[in-house]
Amino acid sequence: MPAQIAIEEEQQQQPLLHSTTTDGIEEEVVTSSLSNEPDTLKRKLIGSNQRLLSLDVFRGLTVALMILVDDAGGAFLSINHAPWFGVTIADFVMPFFLFGVGVSVSLVFKKASSKSLATKKVVLRTVKLFLLGLFLQGGYFHGRNNLAYGVDVAKIRWLGVLQRISIGYLLASITEIWLVRNVMVDSPTAFVQKYYIQWIVATLLLSLYMCLLYGIYVPDWEFQSPSLTLSTNGPHTQIVHCGVRGSLEPPCNAVGYIDRYFLGEQHLYQRPVYRRTKECSVNSPDYGPLPPHSPEWCLAPFDSEGILSSLMAVLTCIVGLHFGHILLHHKGQMHRVVMWSMSSFALLFSGFVLQLLGIPFSKPLYTLSYMCITAGASGLFLTIIFYIVDVKHFRKPVVLLQWMGMNALIIYALAACDIFPAAVQGFYWRSPENNLVDGLESLLQSVLHSSKWGTLVFVLLEILFWCLVGGFLHMKGIYIKL
């Protein structure tokens with residue numbers, strides 16, 4: 001999922017991310033516990049050319065969580081995505097990425113010397129990130145246990161995780177470059193004056209989302225249903241009866257309607273999460289055969305990273321901007337921790353209140369309550385990591401996650417998008433099933449006498465492997481970004 005990932009290489013002002021040599025080549029600057037610098041210098045975060053190590057750790061934790069829930073979620077359904085309403089560990093991963101994007105953007109564009117040049121670089125990076133997402137998640141690669149590749153362009157999936165992140169990055173960066181006032185922040189009032197236009201934009205985005213979600217009339221619609229679960233031979237047309245406004249249920253919500261209208265059903269995700277609901281699976285909350293008399297929409301496509309939900313997801317990036325602004329303008333370490341904690345708990349409280357008022361948690365719809373609770377959790381986790389890593393300097397216990405976070409994009413592409421496991425599976429003995437990936441997982445399942453725990457140990461070893469890969473790249477000074 002991620003590419004807050006790619007943001008930190010911006011060559012504008014980068015006080016926490018990079019230093020720039022006189023010949024224009026970027027160098028990573030990482031505070032080391034073995035450094036001979038005075039301790040007071042090492043403790044500076046603002047105004048020095050140091051990385052914000054807690055953000056690297058947060059980024060690495062997010063990638064590790066994504067690998068965990070993607071590869072072990074089938075064995076442990078409690079950590080898999082909620083079928084429609086509700087939240088699990090898996091449902092926090094995407095907001096963590098988006099939140100980190102916002103924090104990074106606020107640091108990168110602290111002072112953009114040329115707004116037009118900065119905007120040009122942002123647009124270029126957005127396009128590259130979107131195209132990378134299209135390549136990795138548009139259907140060209142088929143994942144583990146499928147050595148085929150290629151996609152029918154008439155059915156390519158236009159939107160996905162990286163595409164959503166690129167949209168959030170673009171809008172967050174534009175607001176940071178163009179809508180921040182040139183005001184000296186020396187008081188809470190000045191802080192508001194400097195950034196209030198961003199919050200006006202956030203309010204407008206929220207209002208647009210809520211108006212469309214609850215105001216659009218969703219008519220009856222149809223789709224081409226596959227034949228594998230139907231009594232008739234071959235695909236045929238299924239009609240979904242709606243004729244409602246404001247529905248948040250799977251078949252008749254405005255999020256799906258807008259995607260079908262602008263993208264077309266063939267370009268949406270064909271195995272949506274609601275196929276694990278009780279209405280659509282006898283093995284709910286897992287995938288499974290359709291129950292008797294299941295509704296017609298169970299086989300319909302739906303994209304959890306669609307247009308309207310991505311619009312709402314931008315707000316998570318803007319919340320990340322806010323946390324970055326606190327970091328920039330509040331010099332006391334504990335003051336930052338207190339301000340971040342207050343903001344995080346306010347968001348968490350708002351999310352639960354909204355849920356009680358009738359706005360359910362739903363990642364596929366990216367509802368307001370879901371945005372609040374996940375953004376609050378993102379801020380709270382970053383606060384805890386910041387306190388441990390950058391305030392108390394307990395860095396050795398999290399160095400593996402730090403390494404992973406410093407090369408998050410390449411690790412995400414190779415691991416979370418199954419590029420590396422599928423490539424390894426391409427080398428097999430006599431039969432495709434006899435490959436190193438499946439063989440190691442089967443061995444662990446046999447040793448532990450449990451398919452579930454064997455899979456979990458395999459995934460944890462996979463995460464450790466990628467942490468070490470990140471460490472190797474870091475020691476070689478290799479940082480792969482867009």
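These are my notebook entries on what I looked up in this predicted model.

**Ground rules**

I number residues from 1 along each chain as its sequence is written, and I keep in mind that this is a predicted model, in which local features need pLDDT of at least 70 and side-chain atom pairs count only at pLDDT 80 or more. Totals for chains, interfaces and linings use all residues, while side-chain values use heavy atoms, with hydrogens and water left out.

**Entry 1: disulfides**

I searched the whole structure for disulfides (pairs of cysteine sulfur atoms within 2.5 Å) and noted 2 of them. In the pair C242 and C252 the sulfur atoms are 2.1 Å apart, and the angle of -85 degrees about the S-S bond makes this link left-handed. I located C242 in the loop between β5 (236-240) and β6 (244-245) and C252 in the loop between β6 and α7, so the pair ties together parts that are 10 residues apart in sequence. Here helices (H or I, at least four residues) and strands (E, at least two) are DSSP runs, numbered from the N terminus. Both C242 and C252 are buried, a word I use for residues under 20% relative accessible area, with exposed for over 50% and partly exposed for those in between (1.4 Å probe, protein chains only).

The other disulfide joins C280 to C298, with 2.0 Å from S to S, and it is left-handed because the torsion about its S-S bond is about -80 degrees. C280 and C298 each lie in the loop between α7 and α8, 18 residues apart, and both are buried. Numbering the bonded cysteines in sequence order, I wrote down the pairing as 1-2, 3-4.

**Entry 2: backbone points to check**

I next looked at the backbone. The peptide bond from S284 to P285 is cis, with omega near 15 degrees, and P285 is found in the loop between α7 (254-262) and α8 (307-329).

Y366 has a positive phi of about 50 degrees although it is not a glycine, and I found this residue in the loop between α9 (333-356) and α10 (368-391). R430 is likewise not a glycine and has a positive phi of about 70 degrees; its place is the loop between α13 (419-425) and α14 (436-448). Is Y366 buried or exposed? Y366 is buried, with a relative accessible area of 0%, whereas R430, at 72% relative accessibility, counts as exposed.

**Entry 3: salt bridges**

I kept in mind that side chains of opposite charge can pair when their charged atoms come close. Counting a salt bridge as a side-chain nitrogen of Lys or Arg within 4 Å of a carboxyl oxygen of Asp or Glu, I noted 5 in the whole structure. One of them is between D56 and R59, at 2.8 Å from N to O, and both residues lie in helix α2 (residues 53-72), 3 residues apart, about one turn of the helix. D56 has a relative accessible area of 1% and is buried, and R59, at 0%, also counts as buried.

Which residue forms a salt bridge with D303? That residue is R157, with the closest N and O atoms 2.8 Å apart. R157 sits in the loop between α4 (115-137) and α5 (161-178) and D303 in the loop between α7 and α8, 146 residues apart. R157 also meets E305 in a salt bridge at 2.8 Å, N to O, and I noted that E305 lies in the loop between α7 and α8, so this pair ties together parts that are 148 residues apart in sequence. E305 and R157 are buried, and salt bridges that share partners join R157, D303, E305 and K363 into one network.

I then listed the contacts of L68 (heavy atoms within 4.5 Å): leaving aside its neighbours within four places in sequence, L68 is in contact with G73, I79, L456, V459 and I463.

I ended with S378, found in helix α10, which at 0% relative accessibility counts as buried. Not counting residues up to four places away in sequence, S378 touches F58, P95, F96 and F99.
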